[in-house]
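Welcome! Let's take a friendly walk through this protein, one step at a time. Have a look at the picture and then read on.

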Amino acid sequence: MALYETVFIARQDLSAEDVDSLSNKLAKIITDAKGNVISKEYWGLRNLAYKVKKGSRGHYVLLNIDSEYAAVAELNRVIGFNEDIIRSLTFKVEAHDEESLLFVAETAKDYKAGKVAVKKEPTKTDLVLDKVQF
């Protein structure tokens, strides 16, 4: 099986429960195809760089997946038909990062309740990259 990361942005008017149920439905697609969802991370309701489908904010969710390509293709097909998801992107990766630079929660309810965790302290490289102007 191969490793994938899928990031999707859900509409801003969804509640925390709706975002959790949406991510659970997408995870079920992978598990039904005998794949594994290694982790789910809710990154919060964040501002978009530009308006997408008349919205300026979105709920960001990351799914780390260990599955065959057929399951990921089915996931992308379902995401394409879902009106609650405004953008998505799937990457094939060599290994999943155990550490994240973002303040994350496992579910949207945890995020809303303030149960967020920093998975990693910034390193010297991260601090240098913050000073570089692109």
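Picture two helices that cross, one nearer to you than the other: the crossing is called left-handed if the near helix is turned anticlockwise from the far one by less than a right angle, and right-handed if it is turned clockwise. Keep that in mind as you look at this model, which is predicted.

Start with helix H1, residues 16-32, and helix H2, residues 69-81. Their axes come within 9 Å and cross at roughly 150°. Angles over 145 degrees count as roughly antiparallel, and H1 and H2 are therefore roughly antiparallel to each other. As for the hand of the crossing, H1 and H2 make a right-handed one.

Which residues of H1 and H2 meet? From H1 come Leu26, Ile29 and Ile30, and they meet Ala71, Val72, Glu74, Leu75, Val78 and Ile79 of H2. Sorted by class, this contact has 8 nonpolar residues, 1 charged residue and no polar ones.

Now turn to the strands. Strand E2 (residues 36-52) pairs with strand E3 (residues 55-67) in the antiparallel sense, over 11 bridges. Follow the chain to the turn of this hairpin, where 2 residues lie between the strands. Val52 stands opposite Gly55 in E3, and Lys53 takes a positive phi near 50°.

Finally, how confident is the prediction? The protein has a mean pLDDT of 82, with 72% of its residues at 70 or more. Confidence is highest in H2, at a mean of 94, and lowest in helix H4 (residues 124-131), at 48. Over residues 127-134 pLDDT stays under 50, and for this stretch the model has 2 contacts beyond four places in sequence.

Note on methods: Residues numbered from 1 in each chain as written. Predicted model: local features only at pLDDT ≥ 70, side-chain atom pairs only at ≥ 80, totals over all residues. Heavy atoms only, no water. Axes fitted to C-alpha atoms, helices over the stretch in contact; angles between N-to-C directions. Helix = DSSP H or I, 4+ residues; strand = E, 2+ residues; numbered from the N terminus. Parallel < 35°, antiparallel > 145°, perpendicular 65-115°, else oblique. Contact = heavy atoms within 4.5 Å. Nonpolar A, V, L, I, M, F, W, Y, C, P; charged D, E, K, R; others polar. Pairing = 2+ DSSP bridges. pLDDT = per-residue confidence, 0-100.
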